[in-house]
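These are my notebook entries on a structure that I am reading for the first time. I record what I looked up, entry by entry.

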Amino acid sequence: MVEEDLPDTYYDAFGLEEEMFHTESRTVRSGQTLSTILSEYGVGAGSIDRIAGLLQEVYNPRRIRGGQTYHCYLSTDSLPELKHFVFETSMLQYFIVHFQDSISVSQGQREVHTHSRTASGVIHASLWNTLSDQNLPQELAIRLSEVLAWEVDFYRIQAGDSFKVIYQENYVDDTYVGMEKIDAVFFSHRGRDIYGFHFVQDSIDGFFHPNGDNLRKVFLKAPLEFGRISSRFSHSRVHPIHRDRRPHYGTDYAAPHGTPILAVGDGVVTEARYTSGNGNYVRLRHNSVYDTQYLHMSRFASGIRPGTQVKQGEVIGYVGSTGLATGPHVCFRFWKNGQQVDHLREDFPSADPLPEAYLPLFEPLRDRYLQQLDSIPLPGMSAV
């Protein structure tokens, strides 16, 4: 007896048998709620209350906003009934309400495809502008600033600095949904060539120089991700308000009001208060040698008070112009053995290098990425 070939079953992006239903895809209109959407498809008030209760475990239905997408799967008979309701809470996440013998709710995630990409550029104004000119994702600038925060002074980037990067992007179907990670980077900054390679093994997860030294330093180069230096450390500067000449033992970083201010290193908050000159400020003790201070904040970050432990890169406050300030900025002050010093002239040690036991795993990875980086041409130049 010969068995008949059964027709193939096709499942759509949400795991539903698309040929079994008539599907309608719509976007939420302004003012619509889950209740009004479902009631349009004949779902009664009791069932809607049941659905709202089940959804509390996966999604707050009050967060539904205009412009979000939903899909209704209707039976194909003469009196169509709603069988499945899919709501996309983001490009990646969704939930499904199943109308079967009993109502149930499930949660899912769209399939993400990761693609390796390369990019390069020669900087003429800023890293941000260079990426924009090449239609590269702005998220790449943020990721590069995070990876290179201890090696590159992004407030002193000059024309002619250049970069090459190998990174991974995530896609749902053909739609870009964000960066996955940076694998390797080259950055030429003020005549210095910097290479960094991402290495993950056991408890180690970081970027390392070709020789295994850590790209991460004890301190960040600056307390802001982006901005500009508006006034430098000086033993004699004309005060912008008092108009007399006096020392300025700090570095001013101008940035828009509300810009997050970051702790440049691990430490404990010793002061978080207001004075008429400093405005709202935070002081951190990093160890027996180093302290840092951040002045003129608009406000402190949540939980920042004396005794609070903070991590490097943690937001401790927001740019403002409280105290004696002519505009929004943070005055960053740095103490070494009780004396205020110009942090831009300090050469800080790196964090722990890669343990020797991991070098046999790291070196082949480094060599592969190094070869790939060197083969990426800079705009207007041939590949190395």
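**Entry 1. Arg 192 and its partner**

I began with Arg 192, which is partly exposed in this predicted model, with a relative accessible area of 39%. I then looked for its charged partner and found a salt bridge to Glu 151, in which the closest N and O atoms are 2.6 Å apart. Glu 151 lies in the loop between helix 4 and strand 7 and Arg 192 lies in strand 9, so the pair ties together parts that are 41 residues apart in sequence. I checked the cover of Glu 151 as well: its relative accessibility is 4%, and because buried means under 20%, Glu 151 counts as buried.

**Entry 2. Other salt bridges**

I asked how many salt bridges a search of the whole structure finds. The search gives 15. As a reminder to myself, side chains of opposite charge can pair when their charged atoms come close.

I looked up Arg 117 next and found that its side chain meets that of Glu 169 in a salt bridge, at 3.2 Å from N to O. This pair links distant parts of the chain, with Arg 117 in strand 6 (residues 113–122) and Glu 169 in strand 7 (residues 162–172), 52 residues apart. Are the two partners buried or exposed? Arg 117 counts as partly exposed at 32% relative accessibility, whereas Glu 169 is buried at 6%.

I then turned to Arg 26 and Glu 24, whose side chains meet in a salt bridge of 3.4 Å, N to O. Arg 26 is partly exposed at 36% relative accessibility, and Glu 24 is partly exposed at 22%.

I also noted a network of salt bridges that links Glu 88, Arg 110 and Asp 173.

I traced a sheet of five strands, which is open and has the order 1-2-3-4-5, with antiparallel pairing. Its edge strands are strand 1 (22–27) and strand 5 (103–109), each of which pairs on one side only. Neighbouring strands of the sheet are turned against each other by 15° on average, direction ignored. I recall that strands of a sheet pair through backbone hydrogen bonds, either parallel or antiparallel.

I followed the pairing from strand to strand. Strand 2 (residues 69–74) and strand 3 are antiparallel and share five bridges; Tyr 70 has Phe 87 in strand 3 as its bridge partner. Five bridges also join strand 3 to strand 4, again in the antiparallel sense. There, Glu 88 has Tyr 94 in strand 4 as its bridge partner. This Glu 88 is the residue I had noted in the salt-bridge network with Arg 110 and Asp 173. I counted four residues between strand 3 and strand 4, which form a hairpin.

Why is strand 3 largely enclosed by the rest of the structure? Six of the seven residues of strand 3 (residues 82–88) are buried, so the rest of the structure largely encloses this strand.

Strand 4 (residues 93–99) and strand 5 run antiparallel and are joined by seven bridges. Ile 96 stands opposite Ser 106 in strand 5. Helix 2 (residues 45–55) packs on the sheet, where this helix touches strand 4 and strand 5, and its direction makes about 40° with that of strand 5.

Most residues other than glycine have a negative phi. I therefore looked up the exceptions, bearing in mind that a negative phi is what most such residues have.

Asn 135 is not a glycine, yet its phi is positive, at about 55°. Where is Asn 135 placed? Asn 135 sits in the loop between helix 3 (127–133) and helix 4 (138–147), and at 72% relative accessibility Asn 135 counts as exposed.

Arg 190 also has a positive phi, near 55°. I located Arg 190 in the loop between strand 8 (175–189) and strand 9 (192–201). Arg 190 is partly exposed, with a relative accessible area of 39%.

**Entry 3. A nonpolar surface patch**

Last, I looked up which residues make a nonpolar surface patch of about 230 Å². They are Trp 128, Ile 142 and Phe 226. Trp 128 lies in helix 3 and is partly exposed, with a relative accessible area of 35%.

How values were computed
Residues are numbered from 1 along each chain as its sequence is written. This is a predicted model: local features need pLDDT of at least 70, side-chain atom pairs count only at pLDDT 80 or more; totals for chains, interfaces and linings use all residues. Side-chain values use heavy atoms; hydrogens and water are left out. Two strands pair if DSSP finds at least two bridges between them. Helices (H or I, at least four residues) and strands (E, at least two) are DSSP runs, numbered from the N terminus. Axes are lines fitted to C-alpha atoms, for helices over the stretch in contact, and angles run from 0 to 180 degrees between N-to-C directions. Contact means heavy atoms within 4.5 Å. Buried means under 20% relative accessible area, exposed over 50%, partly exposed in between (1.4 Å probe, protein chains only). Patches are made of residues with over 30% relative accessible area and no salt bridge: like charges are joined within 9 Å, nonpolar side chains (Val, Leu, Ile, Met, Phe, Trp, Tyr) within 5 Å. Accessible areas come from the Shrake-Rupley method with a 1.4 Å probe; for residues, only the protein chains shown count as cover. A salt bridge is a side-chain nitrogen of Lys or Arg within 4 Å of a carboxyl oxygen of Asp or Glu.
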